[in-house]
Amino acid sequence: MTSVVSATVHKMTSSPTIAPNKSSQVTRKPYPNYKVIVLNDDFNTFQHVSDCLMKYIPGMTSDRAWELTNQVHYEGQATVWVGPQEQAELYHMQLGRAGLTMAPLEQA
C-alpha cells in the first residue's frame, strides 16, 4: 500500500524591512544667550549705575555706560549685556548686589 502525504507550503509574503539611513552629521545647537537687564528705580543715581556697569560688565566704556544709564532712566530699562547663561548670572548677581534694580534673566 502506498500512502501519499500531501504537504502544502504556504509562502510568506512580506516586504523587506528597510532600515532608515543614519545621518552621519551631528547637528549642533548653540547654547541660548541670556540678557542682563537693568531697570529704572527711584534711588540709584546716574553716577552709581554708570560706575556699576563699568565695574562689572567686561569691556564697558564710560561712554557706553552713560548711554545705557540714560536708556534705563528714560525708557525704564536697558539690556546691558547679552551672552552665555553662566556669565549672565554672574553679572546679574553682581549688579543686583551693588543695589541696581534688575529684571529676571531672560533668554535672548
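This is a predicted model: local features need pLDDT of at least 70, side-chain atom pairs count only at pLDDT 80 or more; totals for chains, interfaces and linings use all residues.

Colleague: Great. How many helices and strands are there in the protein chain?

Modeller: The protein chain has three helices and four strands. Helices (H or I, at least four residues) and strands (E, at least two) are DSSP runs, numbered from the N terminus. Read from the N terminus on, the order is β-α-α-β-α-β-β.

Colleague: And what share of the residues is buried?

Modeller: Of the 108 residues in the protein chain, 25% are buried. Buried means under 20% relative accessible area, exposed means over 50%, and partly exposed is in between (1.4 Å probe, protein chains only).

Colleague: Which residues touch the most other members in the largest nonpolar core?

Modeller: That core has 20 residues, and those touching the most other members are Val 36, Val 38, Leu 53, Ile 57, Val 80, Leu 95 and Leu 100. A nonpolar core here is a set of buried Ala, Val, Leu, Ile, Met, Phe, Trp, Tyr and Cys residues joined through side-chain atoms within 4.5 Å. In soluble globular proteins, nonpolar side chains tend to be buried together.

Colleague: Which elements give two or more residues to this core?

Modeller: They are β1 (33-39), α1 (46-56), α2 (62-75), β2 (77-84) and α3 (85-97). The largest share, four residues, comes from α1.

Colleague: Let's look at the helices. Which residues of α1 are buried?

Modeller: Val 49, Ser 50, Cys 52, Leu 53 and Tyr 56 are the buried ones in α1. They cover an arc of only 160° around the axis, which puts them on the same side of α1. The arc is that of the directions from the helix axis to the C-beta atoms. These buried residues of α1 pack against β1, α2, β2 and α3.

Colleague: And which ones are buried in α3?

Modeller: In α3, the buried residues are Ala 88, Tyr 91 and Leu 95. Their arc is only 70° around the axis, which puts them on the same side of α3. What covers them includes β1, α1, β2 and β3 (101-102).

Colleague: What does the face of α3 turned away from the buried side carry?

Modeller: That face carries the exposed residues Glu 86 and Arg 97.

Colleague: Switching topic: how many aromatic pairs does a search of the whole structure find?

Modeller: The search finds two. Rings of Phe, Tyr and Trp (its six-membered ring) pair if their centres lie within 6.5 Å; planes under 30 degrees apart count as stacked, over 60 as edge-to-face and the rest as tilted. Phe 46 and Trp 66 have ring centres 6.3 Å apart and planes at 25°, so this pair is stacked. Phe 46 lies in helix α1 and Trp 66 in helix α2, so the pair ties together parts that are 20 residues apart in sequence.

Colleague: And the other pair, how is that one arranged?

Modeller: Trp 81 and Tyr 91 are edge-to-face, with 4.8 Å centre to centre and 85° between the planes. Trp 81 lies in strand β2 and Tyr 91 in helix α3, so the pair ties together parts that are 10 residues apart in sequence.

Colleague: Are Trp 81 and Tyr 91 buried or exposed?

Modeller: Trp 81 is buried, and Tyr 91 is buried too.

Colleague: Last topic: how many salt bridges does a search of the whole structure find?

Modeller: There are two, a salt bridge being a side-chain nitrogen of Lys or Arg within 4 Å of a carboxyl oxygen of Asp or Glu. Glu 106 and Lys 35 meet in a salt bridge at 3.2 Å, N to O. Glu 106 lies in strand β4 (residues 106-107) and Lys 35 in strand β1, so this pair ties together parts that are 71 residues apart in sequence. Glu 67 forms a salt bridge with Arg 64, with the closest N and O atoms 3.0 Å apart.

How values were computed. Residues are numbered from 1 along each chain as its sequence is written. Side-chain values use heavy atoms; hydrogens and water are left out. Contact means heavy atoms within 4.5 Å.
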